[in-house]
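Dear colleague,

I am passing on the structure that we discussed, and I would be grateful if you could look through it alongside the notes below.

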Amino acid sequence: MWTWFYKLASPPSVYGAAAALTPWFLGLAALTIGYGVVDGLVFAPPDYQQGDAFRIVYVHAPSAWMSLFSYTSMAVAGAIALIWRIKIGHAVAAASAPIGASFTLLALVTGSLWGRPMWGTYWAWDPRLTSELILLFLYVGVMSLRSAFEDPARGDRAAALLAIVGVVNVPIIHFSVQWWNSLHQGATVAKIGKPAMALSMLWPLLSMLFGFMLFYGAVLCLRLRGEVLNRERQANWVREAIES
Amino acid sequence: MGGYARFVWPCFAFAALVLAWNLWSAHRYLAAAQLRARRSLQTAAAMAERGES
């Protein structure tokens, strides 16, 4: 029953699929991010309270969402690798970690630059900010743990376990603005019912989010190919893949 | 930018930098892995020619 799944997740299939998907992901990411930047900076009206400072949302919110998405993907891939012994799961987790860490750093820096004019400070030990900072430490921890072992297989297992344990931080980040008193604003787009944002402001945001997801897909495919090659260097199919 | 230019533009510039770094580092990582794989294959071929296992 699972034969098709194991075939699909085999290193040669993943390597080929990643190579084919990369240009599509990159092209579509360039289009959607380009549209989002122009619409968000030029055509979206200023916010009635925050003025033009609100435009930071177009890079801050997508990077924050992607930091959570990337971490969840890493933990799910690690769990798949541990439970079903599908080796490619470890490769996906390893490829996802640096991308997610960079999105987390971007979310923290842009949030800090947004906080200065709105809250009067670059940083506060607020639940949302602190839990996002912990996410960055988790990414760094997972990457460090993977490379700390001489035996790569043990490093993969340890990193997958830490990623799975750390996934508890994802709902904490998401619900922190509801569970505790927070300087950070509540949900605007992911609200049940109507998003608390005008459509002229919402479209560029959704476009940027979609663009960041596609960009993540493109970079993941590139890194994944590298991971697969590093892990399968001695395999016969690598010769054909390298020579083609 | 209504007085917020010094906050808005650095955000977009940093985002561009992060996206560019992601692409560059991923390309470099793949190129290094391809080079290592190629060298590994060449070493294996050379050993096979010499009759070593």
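What follows is a short account of what was found in it.

This is a predicted model, in which local features need pLDDT of at least 70 and side-chain atom pairs count only at pLDDT 80 or more, while totals for chains, interfaces and linings use all residues. Residues are numbered from 1 along each chain as its sequence is written, and chains are lettered from A in the order in which they are written.

The model scores ipTM 0.90 and pTM 0.91.

Where the chains meet, chain A contributes 31 residues and chain B 26, a contact being two residues whose C-beta atoms, placed from the backbone, lie within 7 Å. B:F7, for example, touches A:A53, A:I56, A:L113, A:W114, A:R116 and A:P117, leaving aside residues up to four places away in sequence.

B:F7 is also listed, with A:I56 and A:F215 among others, as having the most contacts inside the largest nonpolar core, which has 74 residues. Such a core is a set of buried Ala, Val, Leu, Ile, Met, Phe, Trp, Tyr and Cys residues joined through C-beta atoms within 7 Å, and buried means that 20 or more other C-beta atoms lie within 10 Å of a residue's own. The largest share of this core, 16 residues, comes from α8(A), a helix (a DSSP run of H or I, at least four residues, numbered from the N terminus). Of the 33 residues of α8(A), 24 are buried, so this helix is largely enclosed by the rest of the structure.

With best wishes

Key: Buried ≥ 20, exposed ≤ 12 C-beta atoms within 10 Å, placed from the backbone. Helix = DSSP H or I, 4+ residues; strand = E, 2+ residues; numbered from the N terminus.
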